[in-house]
Amino acid sequence: MRRETEKASIEEKISDSFRELVKKKDPDKITVREIADGAGVIRATFYNHFKDKADLLQYMIRTEIIEPVHGLMRSRMHREAVVLIFQSMKRDGDFYLRAAEMTKPVPFEEIAYICIYDLIYDHMKEAGVKKLDHPWLTVRMISNMYAHIISFIAIEWIRTGMQISPEEVGLVFEYIGTKPLWDILAAIERDPSVVNVLTENPRPRF
């Protein structure tokens, strides 16, 4: 138990060091030495816990954003779970606004996608889903599709400065995730102004 506590403490210090550096500097230019120095450890200690900056960022997203969501997913509070993802990002907005610019050694969007994919996949497996009623429709395919949608929305939200609330981002996801494309196209044909709803109106009309 003591060893696990010490491990968590070191990982927290390394995470905090990276967080502060990202707020001040281009994340691609931050070195492992700088992260280690800020955490008060040597580079070897960093590598005992993380492979690289991408691995560290993935750890931060998993522990700070994804883990708190699991309880809501198990309680079937899926809308609240999606909103919590964006609320957690907003809470540490100064960090994520800059971290989203990271491209090396792995782009931020790929790291975000992996974390969300694992969340959905693990939840479906934990719920006992083994296969669906069509051989081509699999747990991996569904997890892949929704992880792409959620991570894409998250990236776009971050890159536009998190201007709308996490709750409204959740509405955007629900709109896209529950309406077939042909329904959206049909709505546009009936009323072309619907094209501008999500970009011009801060409170989507759906």
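Ring pairs link F18, F95, Y96 and F108 into a cluster; two rings of Phe, Tyr or Trp (its six-membered ring) pair if their centres lie within 6.5 Å, and planes under 30 degrees apart count as stacked, over 60 as edge-to-face and the rest as tilted. The exercises below work on a predicted model, in which local features need pLDDT of at least 70 and side-chain atom pairs count only at pLDDT 80 or more, while totals for chains, interfaces and linings use all residues. Residues are numbered from 1 along each chain as its sequence is written, and side-chain values use heavy atoms, with hydrogens and water left out.

**Exercise 1. Find how many aromatic pairs the structure holds, and describe the one formed by F86 and W157.**

Step 1. The count of aromatic pairs is 10. F86 and W157 form an edge-to-face pair, with 5.5 Å from centre to centre and 85 degrees between the planes.

Step 2. This pair, too, connects distant parts of the chain, since F86 is in helix α5 (residues 78-91) and W157 in helix α8 (residues 139-159), 71 residues apart.

Step 3. F86, at 1% relative accessibility, counts as buried, and W157 is buried with a relative accessible area of 4%.

**Exercise 2. Trace the contacts of R19 with F95 and with D92.**

Step 1. The charged end of R19 sits over the ring of F95, 5.6 Å from the ring centre; the rule asks for NZ of Lys or CZ of Arg within 6 Å of the ring centre and within 35 degrees of the ring normal.

Step 2. Side chains of opposite charge can pair when their charged atoms come close. R19 forms a salt bridge with D92, their closest N and O atoms being 2.5 Å apart; such a bridge is a side-chain nitrogen of Lys or Arg within 4 Å of a carboxyl oxygen of Asp or Glu.

Step 3. D92 and R19 are both buried, and a network of salt bridges links D16, R19, E64 and D92.

**Exercise 3. State how many salt bridges are counted, and examine the pairs E34 with K25 and E101 with R98.**

Step 1. The count comes to 10 salt bridges.

Step 2. In the salt bridge of E34 with K25, the closest N and O atoms are 2.6 Å apart; E34 is partly exposed at 28% relative accessibility, and K25 is partly exposed with a relative accessible area of 28%.

Step 3. In the salt bridge of E101 with R98, the closest N and O atoms are 3.9 Å apart; E101 is partly exposed at 44%, and R98 is partly exposed at 24%.

Technical notes: Helix = DSSP H or I, 4+ residues; strand = E, 2+ residues; numbered from the N terminus. Buried < 20%, exposed > 50% of the residue type's maximum accessible area, 1.4 Å probe, protein only.
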